[in-house]
Amino acid sequence: MSSESEAMSFEAEGMHIDESQRKGLWPLTVIWISNAFNVSTLMTGAALGAALTLGDSLIAAFVGFGIITAYMVLVAMQSCDLGLPTSALSTAALGKTGGRYLISIVVGLALIGWFGVQAAVCGSSFSIALAEMTGFQIPVWLSAVVLGGLMLVTAVFGFDGVKWVNYIALPLLFVICMYGLVVSVSDAGVASVFDYVPAESMGLVAGINISVGLFALGGATIGDFTRYAKSRRDAVISSAAGVWPANVVVMMIGAVLAIVVPESGGDITLIMAGLGLAVIGMVALVASTWTVNVSNAYSAGLAFAVMLGKGERGYKASTIVSGAIGIALAAMGIMGHFTFFLTLLSAMIPALAGSMIADYWFIRKARPENFKPLDGVSVPGIVSFIAGAAVAMVTGGTFAGTPLAFLDVPFLLGPVNGIVASMVLYVLIYKAMKLPAFEGPIQFKTPQR
C-alpha cells in the first residue's frame, strides 16, 4: 500500500491532518506554555526541592527537560511530516497490532497512575483543610476515594462546567503560589533558600530521572499536537520553546516552596498548610486537578477501549475500570511512591519513543514516502522497546528502596541509556532480519507535501 493510500486510510479514521488544517508557530507554542502551570509540575518541583539543593533542583529540571526535548522534537518532526498522531506513527515501528496494544497499555497505565496521584493530592488537601476549619479529621484515603469517585463520574457521564472551573482554578492556584512564594521568601530570607541543604538527598541523577518522568508521556505523544504544524521548524520551535522553559520555571516555583516549608517533605498539600493557605489552597488544588483528572480517566478508558477493539463507543466501561484502579492506588498510598512512579515512566516511555525514532529517521531516512504501517507485530520494535526499558530501569535507579534493589547498576542517566539502547537495537535487529531497506541520505528539510 502506498504512502498516499495510507494517508487516505488514516484520514478516513479522522487522524490525518491536511494542509488546510495546519497552524502557525504561535498557536502551538501557547498550548504548551499554558499547560505548564499545573499541580503535577508543582508537585514534581516540590519533590526536587525537598531532596536537593536549589542549584541541583535547577540542574535536574533543566537537564531532565533537555532530555525530553531531544527526543520530543524528533517525534514532533515526524508527526509534522506525516500529519499523524503518535498512535498512528507507531504502526511502522511496532506494527498495527503491536502499536495498538503497546501504546494503549503504556499510555493507559501511565494515565491510571496519574489519576491515582491527583486523587490522592485532592484527598490529602481536603482532609487537612477540613481539620483546620472544623477540627474534625477524616482519613485521607476516604477523602481520596470520595473525590476520585466524583471525578470518575464526571469523566464517564460528562459535565460541561468542568472546563469553566479550570479557567478560574489555574489562575487562582498561580496567584496563591506566587503569594506564598513572595511572603515565605521574604520571611525566611533569600540567602536561606540558596543555602538550603536537605537532611537526606535523593542525588542529582535521581532528580533528573524524576524530571524526565514528569513529561515523558507528553514528550512521546507530542505528535498528537505537532501534526498540525506547517513545517518541521514550527514543530521543533513550538515544542522546545513551549515545553522546556515554562516547565522548568514552574518546577522551580515548587522547589522553592518546598524549601521554605521543609517540614512538608515536598508534599504540596502540606506546603499550602505550612504557608497558612490550607483552605484556599485546597479549593485551588481540587478545582485545578478536577479537569486534568477527568481527562486522565477518559483518556485511559479510551486507550483500553481502542486496544480491545471497542472504539470510542466502548470507553465508558473501560473508563470506570481505569478510574476504579486509580482510586484504589490513591487509597493505598500511591503518593508515598510518587518518585518511584516518575522514575518508572522515565525508563519506559523514552525507550518506546526510541523505537519510533530509529524506524523513521535511521531506517526510513525521514522520508514520508517510505512510511508504511506494518500488519501484526514488529519484532524489532517490540524487542528494542522492552530491552531499552529494561536498560533504563537497571541503570537509572528505578529499584532503589525496593526488594529488587539488587538489580540497580547505576550508569550515567537511565532515560538516556534506555533510548540509546532502544534505537541501536532497533536498527541492528531490523538489518539482521533483512527487512526492506531504503536508499538515500536522511532528509533534514521539511518534505514537500
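## Cores and cavities: worked exercises

Leu173 touches Phe37, Val39, Leu42, Met272, Ala284, Leu285 and Ser288, leaving aside residues up to four places away in sequence; contact here means heavy atoms within 4.5 Å. Keep in mind that this is a predicted model, where local features need pLDDT of at least 70, side-chain atom pairs count only at pLDDT 80 or more, and totals for chains, interfaces and linings use all residues. Residues are numbered from 1 along each chain as its sequence is written, and side-chain values use heavy atoms, with hydrogens and water left out.

**Exercise 1.** Find which residues touch the most other members of the largest nonpolar core.

*Solution.* Start with the term: a nonpolar core is a set of buried Ala, Val, Leu, Ile, Met, Phe, Trp, Tyr and Cys residues joined through side-chain atoms within 4.5 Å. Buried means under 20% relative accessible area, exposed over 50%, and partly exposed in between (1.4 Å probe, protein chains only). The largest core has 116 residues, and Leu42, Phe65, Trp114, Leu173, Cys177 and Ile357 touch the most other members. Next, look at helix H16 (residues 338-363), which gives this core its largest share, 15 residues. Helices (H or I, at least four residues) are DSSP runs, numbered from the N terminus. Finally, another core of 14 residues lies apart from it, with Leu152, Ala155, Val286 and Val294 among them.

**Exercise 2.** Work out what lines the largest cavity.

*Solution.* On a 1 Å grid over the protein atoms alone, a cavity is a set of points where a 1.4 Å probe fits but cannot get out, and lining residues have an atom within 4 Å of a point. Grid points are joined across faces, edges and corners, and a volume is the space filled by probe spheres set on the points. The largest cavity comes to about 60 Å³. Its lining includes Thr86, Ile103, Leu217 and Met356. H16 again stands out, with the largest share of this lining at four residues.

**Exercise 3.** Describe the second largest cavity by its lining.

*Solution.* Its volume is about 40 Å³. Met272 and Leu285, both touched by Leu173, are among the lining residues, along with Ser125 and Gly281. Helix H14 gives the most, four residues. By class, there are six nonpolar, three polar and no charged residues; Ala, Val, Leu, Ile, Met, Phe, Trp, Tyr, Cys and Pro count as nonpolar, Asp, Glu, Lys and Arg as charged, and the others, Gly among them, as polar.

Definitions and conventions. Helices (H or I, at least four residues) and strands (E, at least two) are DSSP runs, numbered from the N terminus. On a 1 Å grid over the protein atoms alone, a cavity is a set of points where a 1.4 Å probe fits but cannot get out, and a pocket is an open set with protein on both sides within 12 Å along at least five of seven lines; lining residues have an atom within 4 Å of a point.
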